[in-house]
Amino acid sequence: MESPTHADSRMKAVAQDVYGPPEVLELRDVERPVPADDEVLVRVHAAGVDRGVAHLVTGLPYPLRLAGYGLRRPKAAVPGMDLAGRVEAIGRDVTGFRPGDDVFGIGAGTFAEYACAPAAKLAHKPADLTFVQAAAIAISGLTALQGVRDHGRVTAGQAVLIIGASGGVGTFAVQVAKAYGAEVTGVCSTAKVDLVRSIGADHVVDYTREDFTRLGRRYDVVLDIGGNSSLSRLRRVLTPRGRLVIVGGETDGRWLGGTDRQLRALALSPFVSQTLCVFVSKEDGNDLLVLRDLVESGDVTPVIDRTYSLSEAATALRRLVDGQVRGKLVVTVSAG
């Protein structure tokens with residue numbers, strides 16, 4: 001590994017000792033991480049805020065703890081996965097990056113001045129994007145891309161309904177579906193209608209004023225992102241051989257947290273003509289390159305709601321949990 005340029009081995013980071021609400025996070029001085037042979041040490045300029053981080057901070061739903069993140073307390077004190085920044089040092093086996101490169105992707109403990117990331121989960125940052133924009137891409141963008149392309153199997157001319165079109169994943173999904181040639185209808189609240197229309201949706205349904213299941217329209221693909229409509233309601237708006245992709249579902253359940261609906265979809269799918277599927281996105285470096293190409297072509301632009309300083313990370317997470325976000329929240333980091 002090439003040596004860091006700074007002699008000081010300490011850094012500022014947001015950390016937690018226990019599971020709990022966002023307020024358990026606090027700004028501390030911690031040891032700077034050291035990259036493994038296949039990793040890159042990144043000087044973090046910005047870090048995205050997403051639902052996965054919220055779940056890891058709270059430790060809910062409980063099965064998450066059983067998955068290896070720490071039964072009674074978090075194994076990793078510093079949260080955060082999305083990042084954008086500049087390469088500070090590289091592991092001995094890394095060949096695709098060098099110190100000074102601007103990158104974005106997925107790391108560990110990115111709510112900090114420095115974070116390590118596997119080289120396979122990084123890509124060079126598009127030159128025309130700011131670090132703030134780039135930090136918003138990886139987690140939400142990968143989920144949207146894989147939901148639209150791999151599980152929705154969206155093709156040109158299809159009618160696609162995206163429920164939760166104004167959120168972090170939703171704003172990417174609308175743009176990716178349009179890039180694949182679909183006719184897109186987005187579902188969101190009144191305050192977010194203009195946003196969803198501005199990113200390319202052909203039609204927008206304000207769910208506070210209209211019931212999307214009673215508009216007389218059928219869709220080839222329905223992406224339900226963080227919604228909680230029943231399977232019967234969702235199937236009602238699908239074509240006879242349409243595809244339902246449940247990307248998420250947020251409830252207050254401490255054990256299932258919305259995944260019970262996903263389990264029911266999987267159980268029902270073999271017995272109906274429609275395809276009902278769920279998925280967990282893959283942290284795929286090749287798909288990061290696909291996203292970068294979509295950004296560079298102008299087909300996709302990250303939507304940023306608001307930025308927060310590192311010391312305000314808990315406030316950012318609280319805003320996300322409260323459900324008022326339009327697009328993505330990003331924590332900006334002043335490293336070293």
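The secondary structure of the protein chain comes to ten helices and 15 strands, where helices (H or I, at least four residues) and strands (E, at least two) are DSSP runs numbered from the N terminus. This is a predicted model, in which local features need pLDDT of at least 70 and side-chain atom pairs count only at pLDDT 80 or more, while totals for chains, interfaces and linings use all residues. Residues are numbered from 1 along each chain as its sequence is written, and side-chain values use heavy atoms, with hydrogens and water left out.

Of the 336 residues in the protein chain, 54% are buried, a word that stands for under 20% relative accessible area, with exposed meaning over 50% and partly exposed in between (1.4 Å probe, protein chains only). The chain exposes about 14,700 Å², of which carbon and sulfur atoms supply 49%; accessible areas come from the Shrake-Rupley method with a 1.4 Å probe, and for residues only the protein chains shown count as cover. Among contacts (heavy atoms within 4.5 Å) between residues at least 6 apart in sequence, 66% join residues at least 24 apart.

The elements discussed below have these residue ranges.

| Element | Residues |
|---|---|
| Helix H1 | 51–58 |
| Helix H6 | 193–198 |
| Helix H10 | 313–321 |
| Strand E2 | 26–31 |
| Strand E9 | 183–188 |
| Strand E10 | 203–206 |

In helix H1 the buried residues are Val53, Ala54 and Val57. They lie on the same side of H1, because they cover an arc of only 100° around the axis, the arc being that of the directions from the helix axis to the C-beta atoms. These buried residues pack against helix H10. Just after H1, Gly59 takes a positive phi of about 75°.

Strands E9 and E10 run parallel and are joined by four bridges; two strands pair if DSSP finds at least two bridges between them. One of the residues involved is Gly186, whose bridge partner in E10 is Val204. Together with helix H6, E9 and E10 make a right-handed β-α-β unit, right-handed meaning that, with the strands pointing away from the viewer, the path from the first strand over the helix to the second runs clockwise.

Leu27 has its place in strand E2 and counts as partly exposed because its relative accessibility is 41%. Not counting residues up to four places away in sequence, Leu27 touches Lys12, Ala13, Val14, Leu310 and Ser311. Leu27 and Gln16, eleven residues apart in sequence, are 9.0 Å apart in space, C-alpha to C-alpha.
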